[in-house]
Amino acid sequence: MGCILMDNVILDLKDNLFKNIYRVREDGVLVFKTFIDGQWIDSGDYLEVHSPIDGSLIALVSKPSLELVHKTIDKMYSKGRWAVRDTPGDRRLDLLEKLADLLSHHRDDIVEALVIDSGKTYSQARGEVNASIERLRKAKMDLRRLMGEYIPGDWSQLTLESEGIVRKEPYGIVLAITPFNYPLFDTANKFTYSFVAGNAVLLKPSSLDPIPVILFVKLLEEAGFPKEAFALLTIKGSEMREILPDRRIGAISFTGSTETGLEVMRTGGIKKYVLELGGGDPAIVLSDTDIEHAAGNVAVGITSYAGQRCDAIKLILVEKPVYEDFKANLIEELGKYKVGDPRCPAYSVGPLISKHAVDNAMKAIEDAVNKGGKKVYGGKRLGETYMEPTLIEFTDKNELLKTKLFVDEVFAPVALILPIENIDEAIGIVNKRRYGLDAAIFGKDINKIRKLIRFLEVGAIYINEYPRHGIGYYPFGGRKDSGIGREGIGYSIEEVTAWKTIVYSYRGRGVWRYLL
Ligand code: NAP
């Protein structure tokens, strides 16, 4: 693949601010402390962290004992949640602003961690840091959703001479569980909306790439957030079954696969949940579309972060009159994406997160070919963790519906393409998927677009651009197996606050003089 910069990838951090949360072993491996019970600790028991670039061990991360996690939740429940709630709202905003400034100032090591630990290109890593900064600064836009309602009592004889106020209050402790693909942004986003609404936050990052989150937590400490109000659970997902049922955790904000989300909900029991789950989006290309524009957008939607995005395009349905033309353009566009070491500017598609992820994608491609699919672009493995962007063509809809690539979410740069007769056929196919995150429509016919908007069972529709949740400026969230609830500036407040009704009775006090 060329442009391999060194034999063994190491994580080389330079910023003095982070120096006291890790030590460097002789072989260059960083040994990180974790932040629990209000302090940084080295537990002597570690998670191993490997770089997807070449599989090298890059870090060991301290795992807190479950006993210490329970002690931390005790303190968070008795002190931490009140430390947040008793911090006036405008001071909470100041803290988030300060955090944004710190993230901006100390970005270099975090960008490096996103490249080495998550396998992003430098441009993608910088984009994630910028998005996180912007999300923190947009906390002021969440505020308008922190409000309540006044209900007059005189619309029923039973409630005459009373009135009600329904207001929102924080749940207390929010558990934020995040996936590997946007470790920094998902953490910053969940922390922002939970904290601005007055909650303490337990952060559980993915074990695959926890380093960006560890660095973010150092910035939380530096910004001056109350120490009992946040903690880092650097433990394996499987160990979370001991934590999830804790009744003191009022809400769980989870982003990850559908299978894990279901397990989290089953284990956690009755609580408030926001679940941002699996996806993989369809793109519908209408016959009057601007072919070059659509093909360029779809190619980005397939390849961006090597297809490891919940909103990546995985299924392309094209109206027959433009099918061949669109397919040729898309193949040409895909040819522009070169796969290789993400540290090299020549490559725009880096590795998948693990060897297992490529194994899984290769099996799914084989399965599609066995069911009659034709590889019209890519399809090859390029190393343990690398693969070509891949396009698989079907002409028989019924066979396509049986493929693993249609039935499941395959987190890789692979998409299916199928010619369709009309939009009714597209609606039928899209709604047969168990996922319903987003859809993209490319074309001009407003009547067809309007009909698709009405019938597609998805959480968001992007017209003439590929789906991208970005900073949640527009709210996103799935239907069906893609989840429950919405993330988005303002909208997420609903997920981390509980309604509380207060009824004031003035019966017989002469406040009202109703004409009965
Ligand atoms: P994952 O394997 O489901 O893991 C997600 C998180 O859950 C990780 O922190 C993981 O920790 C933790 N976890 C695993 N088992 C758990 C358990 N039993 N209880 C509690 N937590 C547990 O997902 P992923 O592979 O990291 O992320 C990719 C998935 O996220 C895709 O399906 C993608 O579509 C989805 N996603 C959805 C959205 C959206 O907006 N809908 C956005 C981004 C990603 P460990 O790493 O320690 O196992």
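By salt bridge I mean a side-chain nitrogen of Lys or Arg within 4 Å of a carboxyl oxygen of Asp or Glu. Lys-336 is exposed, at 51% relative accessible area, while Glu-333 is buried, at 18%. The cut-offs there: buried is under 20% relative accessible area, exposed is over 50%, and partly exposed is in between, with a 1.4 Å probe and protein chains only.

Quick housekeeping: this is a predicted model, so local features need pLDDT of at least 70 and side-chain atom pairs count only at pLDDT 80 or more, while totals for chains, interfaces and linings use all residues. Residues are numbered from 1 along each chain as its sequence is written, and side-chain values use heavy atoms, leaving out hydrogens and water.

Arg-434 is partly exposed at 26%, and Asp-481 is partly exposed at 27%.

Then Lys-480 meets Glu-457 in a salt bridge, 3.5 Å from N to O. Lys-480 sits in strand 22 and Glu-457 in a loop, so the pair ties together parts 23 residues apart in sequence. Strands here are DSSP runs (E, at least two residues), helices are H or I runs of at least four, and both are numbered from the N terminus.
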